[in-house]
2 protein chains.
Amino acid sequence: MYRIQNFNQLLEHLKNQKLKRRVAVVCPRDQSTQEALKRAEEDGFIEPLMVDDDDLPTAARKAIRLVREGKADFLMKGLINSDILLHAILDREEGLLQPGHVLTQMACSSIPEYHKFLFYTDTAVIPYPTQQQRIEQVRYMASLCRAFGIAEPRISLIHCSEKVDERHFPFTAGYADIIRMAKEGEFGKCIVDGPLDLKTSCSPSSLKVKGISSPLDGDADALIFPDIEAGNLFYKAITFFAHAEIASILQGTMVPVVIPSRADSPETKYYSLALAAILTSNS
Amino acid sequence: MYRIQNFNQLLEHLKNQKLKRRVAVVCPRDQSTQEALKRAEEDGFIEPLMVDDDDLPTAARKAIRLVREGKADFLMKGLINSDILLHAILDREEGLLQPGHVLTQMACSSIPEYHKFLFYTDTAVIPYPTQQQRIEQVRYMASLCRAFGIAEPRISLIHCSEKVDERHFPFTAGYADIIRMAKEGEFGKCIVDGPLDLKTSCSPSSLKVKGISSPLDGDADALIFPDIEAGNLFYKAITFFAHAEIASILQGTMVPVVIPSRADSPETKYYSLALAAILTSNS
C-alpha cells in the first residue's frame, strides 16, 4: 500500500497513475490560475477544459454542466467571485450539491516542522459547525486520509483545552458522541479523539507534560476545528509564519471543487489541483 | 524614546532600569518556575517572595494579601491549579479584581518570521468576548503596547475575512464602533482597524493582492482575536510550528498576574516575568 506524506510524493503518485482528470475551469483569466494549470497539465495529471463567458454566472453554469454531463471530473474557480460560483454550485436543479450532503472545505498542509501531511477542516465555509455538520466533516476527513494511503487515520477534535465544557463550549459535549460513533465503525477504520488542543494532538511530549493519554498518541493526521475563526487563524499562521504549503478543496459536492482565494499562490492552486486529482482517481 | 521589539531588548531595558519588582509566587514547587525565577533574579529585575502552604487555597490567599498590602508588585502562579488561584483572585472581598474591570489575558510573541513583537489577546480566559469585553481588551492592549515604547500602536480586530457579516458573525458589526471610539481618542493615541485577517493585518503584500486599504498598512503591532479558539490555535501554531517565543499575563487585576500553563517552558515563564515587570515599572 502506498502512503503519501508530502506534496512530492503526491505528485509522484499522480504521475505514476498516468490518469488524466478533466478539470472544468471557470474563467481562467488570471496568470496564477493559468500557471497552476500549465504545471499540472505538463505533469500529465489534468486536462483543463477552459470555460468562460462575458456573463460570469453563465460561465459558472456552463462549467457545472460539463461536470453534470460527465465531461469533467472536477471543477476549478479562476477569476470569478466565489459568491457567484457558489451560488451556481448550490442551485438545487442545476448545481453540484448532493442532496443531504454538507458543503465544507477540506485542506491538506505540509508544514516543515511536522513529519507528515496535516489535514484539516474547515477554514472557509461553515462558520460554526453544528454537530451534524461536524459528523460529516469527520466522515469526509476519514475518507480523504484514506485516499492518501493512511490505513487508520488519526483525527483530532480540536478545542482550546482538553476538557469538555458544556457551559462555555457546548460543542465539546458532542465530541464524545463522535468518538463513540468512530469506535462503532461509522467512519470506517480510524481513530478519533478530543477535545485536544493543537499540541496534545500533534506532539507526544505535550501529551506527556500534561499527563494526558490519547489514542492519537500526539500523532494526528487530521484536525477538525471548532469554528472557522480558529481554522482560519491556524492556516494563515502556518502559511505566513511557518512556511507551510497547502492545498484545499470543497467537499459535499458531486465532485471536488478547487476554489482558491485571491491571495493564494500559483503553488497552492497547483497543489489543490493535485488534491482534487487524487480524490477523483477512482471515479 | 525607547522602543522594545524583541525579548533581548526587553531584558536589556529592564536591566538598565535597575528596578527590582517584588513578585509573590504561589507554590513555587516545580523546577521550571524556580528556573525562571532564578534567571530573572540574577538579571536583577525581580525579587521573589515565595509563598506556600499545605493548603493550596491558603497559599493563594497569602500571596494575594502581599499584593493587597503593597508588599508585592505582581503575582505569579507556581505549581497550583489555575482554578484555585483564579478563585482566590476573583474573591470580591479579598481578591485582586478591580471593580468594573474585565479579566483577560494579554500576550506578547516574538516570531522569527515577523519583524517585531506581535501582541495579542485573548487565548486563555474569555471564551467569546462581548462587545464591552472587546473594548476593554483594546484599551489594555493600547496601554500595553505603549509600555513597549510604541507611540501609536496599530491594533487589528481579527476575523476570518475582511467583510463585516452581521448575520453569521454578529461581533464584526461591533468592530466599526470600536474603530470609531479609537478615532475619537478613547484608547489614547493608536490606530485600530478591522475586520482584517492575519495576513492583511501583518503583510503589506497581502493587503495589496486583495486590493484592500487599511490604516494599519499590514504592519500590526497587536491582534484582538474573535474568540478563544482562534487565539488558542494561533498561539499554539506559532510556538509549535514557527519557533515563536511568548510571554503572557492576566490583566484587569490590580497588578499583572503571571499564570503559565503546565506545558509552558521555563523560557516562557521567564519572559512572562519580564512582561509583568515592564508593566509595573511605573507603579
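Student: In which sense do strand E4 (residues 104–110) of chain A and E5(A) pair, and over how many bridges?

Tutor: This is a predicted model, where local features need pLDDT of at least 70, side-chain atom pairs count only at pLDDT 80 or more, and totals for chains, interfaces and linings use all residues. Residues are numbered from 1 along each chain as its sequence is written, while chains are lettered from A and ligands numbered from 1 in the order in which they are written.

E4(A) and E5(A) pair in the antiparallel sense, over three bridges. Two strands pair if DSSP finds at least two bridges between them. In this pairing, Ser109(A) stands opposite Leu118(A) of E5(A).

E5(A) covers residues 118–121. E5(A) is also joined by three bridges to strand E8 (residues 222–224) of chain A, and these two run parallel. There, Tyr120(A) stands opposite Leu223(A).

Now the side chains. Leu118(A) and Tyr120(A) point one way from E5(A); Phe119(A) and Thr121(A) point the other way.

Next, the whole chain. Chain A has 10 helices and 10 strands. These are DSSP runs numbered from the N terminus: helices are H or I with at least four residues, strands E with at least two. Of its 283 residues, 54% count as buried. The C-alpha trace spans about 60 × 35 × 35 Å along its principal axes.

Technical notes
A residue is buried if 20 or more other C-beta atoms lie within 10 Å of its own, exposed if 12 or fewer, and partly exposed in between; C-beta atoms are placed from the backbone.
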